[in-house]
Amino acid sequence: MARIFWDTNLFIYLFENNAEWSPRIVEFRHRMLARKDQLLTSWLTVGEVLTKPQELGNVILEKSYLSFFQSGSVELIPFEMEAAKRYGGIRSRERVRPPDAIQLACAAAAGTDLFVTNDNRLSGLLVSGVTFITGIGRIPY
């Protein structure tokens with residue numbers, strides 16, 4: 001069983017039928033469930049995925065996201081003291097945007113085996129507390 005942290009974009013692909021990435025993410029999620037891997041993300045992800053549905057007035061999509069995040073099928077990592085300390089270290093060493101640093105800091109504070117993103121700028125970074133960071137084009141499944 002692995003602890004796998006998904007960056008925001010993976011949830012968007014899971015829910016919003018992106019022609020290029022959705023099939024890969026759906027398959028990856030099925031394999032995670034079969035292996036009993038733990039899915040993690042931060043509370044920031046919840047806010048980020050709700051933005052577009054709220055802008056568009058898409059209540060059905062918004063409710064789908066909320067239902068998923070409230071179902072207990074994903075561990076939501078808060079941005080608390082440990083994550084804040086890790087955030088400072090990440091931002092002082094790496095040239096990453098603040099939201100990306102928050103995601104990485106939360107993943108590190110939670111002790112993550114694999115951090116998966118579609119942001120190639122993050123792939124391959126070394127962050128203490130995260131064993132491996134990869135792009136979705138390279139996810140092992």
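**Fold and aromatic cluster of a predicted chain**

Student: In what order do the elements of the chain run from the N terminus on?

Tutor: In this predicted model, the order from the N terminus is β-α-α-β-α-α-β-α-α-β-β. That comes to six helices and five strands.

Student: What radius of gyration does the chain have, and what would a compact globule have?

Tutor: The chain has 14 Å, which agrees with the value near 14 Å for a compact globule of 141 residues. Its C-alpha trace spans about 40 × 30 × 25 Å along the principal axes.

Student: What share of the residues counts as buried?

Tutor: The buried share is 43% of the 141 residues.

Student: Turning to the rings, how many aromatic pairs does a search of the whole structure find?

Tutor: The search finds ten. One of them joins Phe11 and Phe68, whose ring centres lie 6.1 Å apart with planes at 55°, so the pair is tilted. Phe11 belongs to helix α1 (residues 8-16) and Phe68 to helix α4 (residues 59-70), so this pair ties together parts 57 residues apart in sequence.

Student: Are Phe11 and Phe68 buried or exposed?

Tutor: Phe11 is buried, at 0% relative accessible area, and Phe68 also counts as buried, at 16%.

Student: Why is the pair of Phe15 and Phe68 called edge-to-face?

Tutor: Their planes stand at 75°, and over 60 degrees counts as edge-to-face; the ring centres are 5.5 Å apart. Phe15 lies in helix α1 and Phe68 in helix α4, so the pair ties together parts 53 residues apart in sequence. Phe15 is partly exposed, at 22%.

Student: Which residues do ring pairs link into a cluster?

Tutor: The cluster consists of Trp6, Phe11, Phe15, Phe28, Tyr65, Phe68 and Phe69.

Methods. Residues numbered from 1 in each chain as written. Predicted model: local features only at pLDDT ≥ 70, side-chain atom pairs only at ≥ 80, totals over all residues. Heavy atoms only, no water. Helix = DSSP H or I, 4+ residues; strand = E, 2+ residues; numbered from the N terminus. Rg over C-alpha atoms; globule rule 2.2 N^0.38 Å. Buried < 20%, exposed > 50% of the residue type's maximum accessible area, 1.4 Å probe, protein only. Phe/Tyr/Trp six-rings, centres within 6.5 Å; stacked < 30°, edge-to-face > 60°.
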